[in-house]
Amino acid sequence: MPKSKYTREGVEAAVRLSHCTDESIWSNIESKYADRIAEKGGDALVELDRFCEALAQEMQSKQQITKGDLLKVVQWKFLVGKPRHALMKHLNANSAAEVKEHTKAGFEFANEGDAKQAITEVAKLRGVGPATASAILSIYKPDL
């Protein structure tokens, strides 16, 4: 068997799955989501995942997020992915006004279908790179 070009566990399978068009497979995967979240991060991740689901609706109505919401999304991202705790001091250095300004502008770009500009705008926040900006935007507009 040839060596995989992917270094992270599961990436090769995820790439194959991204090309799958069989709805029954996707339904099966979706039905296991809650159990996998609980296995990965326990009650803390389950609670943060529920928070993010509720936040999606709030984002749609307010067209921005608060600094507190930003910090909770980052906690969720740390639990589902690779934590980068050194970023917390930078994230905390953002003012509430800056968070609202840059997420509002990013959401406007997202509403226009401009993912690149949306990510660029949200990533203007200290401690927010493209991956965190993408996480925020995926909650706001999953189909972007």
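# Reading a helical model

Trainee: Let's start with the charged end of lysine 72: which ring does it sit over, and how far from the centre?
Mentor: The charged end of lysine 72 sits over the ring of phenylalanine 51, 4.5 Å from the ring's centre. For that label, NZ of Lys or CZ of Arg must be within 6 Å of the ring centre and within 35 degrees of the ring normal. Keep in mind that this is a predicted model, where local features need pLDDT of at least 70 and side-chain atom pairs count only at pLDDT 80 or more, while totals for chains, interfaces and linings use all residues. Residues are numbered from 1 along each chain as its sequence is written, and side-chain values use heavy atoms, with hydrogens and water left out.

Trainee: How many helices and strands does the chain have?
Mentor: The chain comes to eight helices and zero strands, taken as DSSP runs numbered from the N terminus (H or I, at least four residues, for helices; E, at least two, for strands). Along the sequence the pattern reads α-α-α-α-α-α-α-α. The C-alpha atoms fill a box of roughly 50 × 30 × 30 Å along the principal axes.

Trainee: What share of the 144 residues is buried?
Mentor: Buried residues make up 27% of the 144 in the chain. Buried is under 20% relative accessible area, exposed is over 50%, and partly exposed is in between (1.4 Å probe, protein chains only). Take glycine 10, in the segment before helix H1 (11–18): its relative accessibility is 45%, so glycine 10 counts as partly exposed.

Trainee: How many aromatic pairs turn up in the whole structure?
Mentor: A search finds one. Phenylalanine 107 and tyrosine 140 are stacked, 3.9 Å centre to centre with 0° between the planes. Rings of Phe, Tyr and Trp (its six-membered ring) pair with centres within 6.5 Å; planes under 30 degrees apart are stacked, over 60 edge-to-face, and the rest tilted. Phenylalanine 107 lies in helix H6 (residues 96–111) and tyrosine 140 in helix H8 (residues 130–140), so the pair ties together parts 33 residues apart in sequence. Both residues are buried.

Trainee: And how do I describe two helices that pack together?
Mentor: You give the angle between their axes and the distance between the axes. Here, the axes of H6 and helix H7 (residues 115–122) come within 7 Å and cross at roughly 175°. H6 and H7 are therefore roughly antiparallel. On H6 the contact uses His102, Thr103, Ala105, Gly106, Phe109 and Ala110; on H7 it uses Gln117, Ala118, Glu121 and Val122. Contact means heavy atoms within 4.5 Å.

Trainee: What does histidine 102 touch, leaving aside its neighbours within four places in sequence?
Mentor: Histidine 102 is in contact with Glu121, Val122, Lys124 and Leu125. This residue of helix H6 counts as buried, at 13% relative accessibility.

Trainee: Over in H8, which residues are buried?
Mentor: Thr132, Ala133, Ala135, Ile136, Leu137, Ile139 and Tyr140 are. Their cover includes helix H3 (33–62), helix H4 (67–80), H6 and H7. Isoleucine 139 has a relative accessible area of 9%. Not counting residues up to four places away in sequence, isoleucine 139 touches Cys52, Ala56, Met59, Val73 and Trp76. Valine 73 is 66 residues from isoleucine 139 in sequence and 9.0 Å from it in space, C-alpha to C-alpha.

Trainee: What share of the chain's contacts with a separation of 6 or more comes from residues 24 or more positions apart?
Mentor: Those residues account for 60% of such contacts.

Note on methods: Axes are lines fitted to C-alpha atoms, for helices over the stretch in contact, and angles run from 0 to 180 degrees between N-to-C directions. Angles under 35 degrees count as roughly parallel, over 145 as roughly antiparallel, 65 to 115 as roughly perpendicular and the rest as oblique.
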